[in-house]
Amino acid sequence: MGAPFWLRLGVGGLSQVSPGRVASLAHRFFCRPKLTRAKAEELLSQGRRQQTTVLGRRIISYCFTAEPVSRGLVLLLHGWSGDSRAMTAFIGALTLAGYDAVVLDLPAHGGSDGVETNVVDAAVLVGAFLAANDLQPDHVIAHSYGGAVASLLALAGDAPRSFTSISAPTKFALVLSEISAAFNLCGEAERIFSIHAAQSLQCDLGALDALEVWKSTKTNVLAIHSPDDLRVSFEHALHLAQASNVRLTRAEGLDHCEIVCSPFTVAAAIGHIVQTDRALRSIDEGKPEAA
């Protein structure tokens, strides 16, 4: 995760003097996305906007229906400090391919309620949102932080037929190290920051590993990541690609934000979904009929 040199120098120096205070500031950055409460693009207005209150929090979503018959439902999850607008590049291609799509503003993002959130909080609320609306996504496309949310949903038992992970973190402990490096935190400040994060997530950070989650599922996983990504390192994709059900595609020359709206990424994600369903149909057609 990149940060301006002057910011790294200033924060790094302050962390030597007051590691506890700087660790608290880093944790606030970790939990508080930038507000993106702006009017949705015209494309979102073409979908069915819905407000769902789950666990006392309002979640804003947009649903798009394929015509005339749907081949399945695709859940779109945006990244940190984004909102539904970030995933609009996929909507037209999905409905054209015959798939319904639902895109939502994650907690504390866009029009959804909240000021602070984290990946565990988001996964719980997204799971509650899906249950409240009786939605069972057949496929998931997620960018960055949204990919981490998708991993926790799968850990809870909501594993889709396919998952397209776009520049997503896979090792949560590594994410904290990257944030610490971005702010040039001293050793003590990094230690305190990690404690704050573990307390807010209420879990062992070392146990949150997308590789362990997805390799235990039957999900067909495509990881799209750029070696040039300065926010979420390519190391995360290489780690995930160790699973036999994961295929890694390198998106050369694209940065962390460009990759999610790139025609290359959209085509790869849609192709992955179509190929997954085609393979599953072939398997089903080859099964003997029940007596």
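Just after helix 6 (145-155), G157 takes a positive phi of about 110°. Helices here are DSSP runs of H or I with at least four residues, strands are runs of E with at least two, and both are numbered from the N terminus. Please keep in mind that this is a predicted model: local features need pLDDT of at least 70 and side-chain atom pairs count only at pLDDT 80 or more, while totals for chains, interfaces and linings use all residues. Residues are numbered from 1 along each chain as its sequence is written, and side-chain values use heavy atoms, with hydrogens and water left out.

**The chain overall**

- The chain has 11 helices and eight strands.
- Of its 291 residues, 52% count as buried; buried means under 20% relative accessible area, exposed over 50%, and partly exposed in between, using a 1.4 Å probe and protein chains only.
- Among contacts with a separation of 6 or more, 77% are between residues 24 or more positions apart, a contact being heavy atoms within 4.5 Å.

- Helix 6 is largely enclosed by the rest of the structure, because 10 of its 11 residues are buried.
- Those buried residues are Y145, G146, G147, A148, V149, A150, S151, L152, L153 and A154.
- S144 sits in the loop between strand 5 (139-143) and helix 6.
- With a relative accessibility of 8%, S144 counts as buried.
- Setting aside residues up to four places away in sequence, S144 touches G79, I166, S167, A168, P169, V232 and H256.

- Strand 3 pairs with strand 5 in the parallel sense over four bridges; two strands pair if DSSP finds at least two bridges between them.
- Within that strand 3 pairing, L76 has I141 of strand 5 as its bridge partner.
- Strand 5 also pairs in the parallel sense with strand 6 (residues 162-166), over five bridges.
- H139 has S162 in strand 6 as its bridge partner.

**Nonpolar cores**

- The largest nonpolar core has 38 residues, of which L75, L77, L104, V126, V149 and W214 touch the most other members. Such a core is a set of buried Ala, Val, Leu, Ile, Met, Phe, Trp, Tyr and Cys residues joined through side-chain atoms within 4.5 Å.
- Two or more residues of this core come from each of strand 2 (57-64), strand 3 (73-77), strand 4 (100-104), helix 5 (119-132), strand 5, helix 6, helix 9 (210-214) and strand 7.
- Helix 5 gives the most to this core, with eight residues.
- V149 is in contact with L77, V119, A122, A123 and V126, leaving aside its neighbours within four places in sequence.
- Apart from this core lies another, of 28 residues, including M87, L94, A269 and I273.

**Y62 in strand 2**

- Y62 lies in strand 2 and is buried, with a relative accessible area of 8%.

- On a 1 Å grid over the protein atoms alone, a cavity is a set of points where a 1.4 Å probe fits but cannot get out, a pocket is an open set with protein on both sides within 12 Å along at least five of seven lines, and lining residues have an atom within 4 Å of a point.
- The largest cavity holds about 30 Å³ of space; grid points are joined across faces, edges and corners, and a volume is the space filled by probe spheres set on the points.
- Its lining consists of S165, A168, T170, A223, I224, H225, H236, A237 and L240.
- Strand 7 (220-225) and helix 10 (235-240) each supply at least two residues of that lining.
- The lining of the largest cavity divides into five nonpolar, four polar and no charged residues. Here Ala, Val, Leu, Ile, Met, Phe, Trp, Tyr, Cys and Pro count as nonpolar, Asp, Glu, Lys and Arg as charged, and the others, Gly among them, as polar.

**The second largest pocket**

- The second largest pocket has a volume of about 230 Å³.
- Of the 15 residues that line this pocket, L130, L135, Q136, P137 and D158 lie nearest its centre.
- Helix 5 and helix 6 are the elements that give two or more residues to its lining, and helix 5 provides the largest share, three residues.
- The lining of this pocket divides into 11 nonpolar, two polar and two charged residues.
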